[in-house]
Amino acid sequence: MATSCAPAPINKKEYISDIGKVLVKEHGKKQFYKPEEVKKAHRKSKWYDGLDFSCWAMSTYSSHSDFDRYHQETGEICDYTQMKTEMLNGLSVSPNSDWMDIPDLDIDTSWLDFGDVFDGVLDGIGDVISGILDGLS
C-alpha cells in the first residue's frame, strides 16, 4: 500500500535555507543533490525530531528524475512539481517585498528548475535570477 508524503514544513523559507546550508557544508555547491543526501541533511538539521518530511526538501534540491526514482523505490506518492511549487512559493515574504528585504538571503539559485514548475514557459529564469543575485552580492 502506497503512502503519501508528510505535510509541508510551516516555515518553508527557513526550512529551505537550513537544509541548503547543511547540503553545501556536507557536499559543496551542486546543481542537484541526491535524495539520500537531502534525507541525511534533514536528519542533521534542527527540523528533525523523529518526523521525516525530507521529501519537501527533495522537491527543492533534487532533480525531477531522482525525486521520482526515489519515490518509486519507497512507494510514497509525492508530486514533484506540486511540491516544488509550494516550496518556492514559501520563499516569498509578501507580494510587495523586495529581495533585499529578506534577511540573510544566501540562496544559490542554480538549482532552480522552473521548467518543471512552469512547464518550460520560463526556461532559463533560474540562471537569470542567479545572475541578478550574484550581482547584488
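**Figure 1. The α4–α5 contact.** H64, F67 and D68 in α4 meet Y80, T81 and M83 in α5. Contact here means heavy atoms within 4.5 Å. The model is predicted: local features need pLDDT of at least 70, side-chain atom pairs count only at pLDDT 80 or more, and totals for chains, interfaces and linings use all residues. The axes of α4 and α5 come within 10 Å and cross at roughly 120°. Axes are lines fitted to C-alpha atoms, for helices over the stretch in contact, and angles run from 0 to 180 degrees between N-to-C directions. α4 and α5 are therefore oblique to each other. On this scale, angles under 35 degrees count as roughly parallel, over 145 as roughly antiparallel, 65 to 115 as roughly perpendicular and the rest as oblique.

**Figure 2. The chain as a whole.** The chain has seven helices and two strands. Both are DSSP runs, numbered from the N terminus: helices are H or I with at least four residues, strands are E with at least two. Along the sequence the pattern reads β-α-α-α-α-β-α-α-α. The chain has 137 residues, and buried ones make up 37% of them. Buried means under 20% relative accessible area, exposed over 50%, and partly exposed in between, with a 1.4 Å probe and protein chains only. Of the contacts between residues at least 6 apart in sequence, 60% join residues at least 24 apart.

Figure 3. α4 spans residues 64–74, with D66, F67, Y70 and H71 buried. Seen down the axis of α4, the buried residues fall within an arc of 130°, so they line one face of the helix. The arc is that of the directions from the helix axis to the C-beta atoms. An α-helix has 3.6 residues a turn, so residues three or four places apart point the same way. Exposed Q72 and E73 sit on the face of α4 turned away from its buried side. The cover over the buried residues of α4 includes α2, α3, β2 (76–77) and α5 (80–89). G75 follows α4 and has a positive phi, near 80°.

**Figure 4. H71 in α4.** H71 lies in helix α4. Its relative accessible area is 4%, so H71 is buried. Leaving out residues up to four places away in sequence, H71 touches C5, C55, M58, E76 and C78.

**Figure 5. Helix α5, from its start to its sides.** At the start of α5, a side-chain oxygen of D79 reaches to within 3.1 Å of the backbone nitrogen of T81. Y80, M83, K84, M87 and L88 are buried in α5. They cover an arc of only 130° around the axis, which puts them on the same side of α5. Q82 and N89 are exposed on the other side of α5.

Figure 6. The structure holds four aromatic pairs. Rings of Phe, Tyr and Trp (its six-membered ring) pair if their centres lie within 6.5 Å; planes under 30 degrees apart count as stacked, over 60 as edge-to-face and the rest as tilted. Y15 and W47 form an edge-to-face pair, 5.3 Å centre to centre with 85° between the planes. Y15 lies in helix α1 (residues 12–27) and W47 in the loop between α2 and α3, so the pair ties together parts that are 32 residues apart in sequence. Y15 and F53 form a tilted pair, 5.2 Å centre to centre with 45° between the planes. F53 is in the loop between α2 and α3 and Y15 in helix α1, so this pair ties together parts 38 residues apart in sequence. Y15, W47 and F53 form one aromatic cluster. Y15 and W47 are both buried. Y15 has 0% relative accessibility. F53 counts as buried at 12%.

**Figure 7. S54 and its surroundings.** S54 is found in the loop between α2 (35–44) and α3 (55–61). Its relative accessible area is 0%, so S54 is buried. The side chains of S54 and D52 are joined by a polar contact of 2.6 Å. A polar contact is a pair of N or O atoms within 3.5 Å; within protein, one must be able to donate a hydrogen and the other to accept it, and residues adjacent in sequence count only if both atoms are side-chain atoms. Not counting residues up to four places away in sequence, S54 touches Y15, V38, K39 and H42. E36 is found in helix α2. E36 is partly exposed, with a relative accessible area of 42%. The C-alpha atoms of E36 and S54 are separated by 9.6 Å, and the two residues are 18 apart along the chain.

Note on methods. Residues are numbered from 1 along each chain as its sequence is written. Side-chain values use heavy atoms; hydrogens and water are left out.
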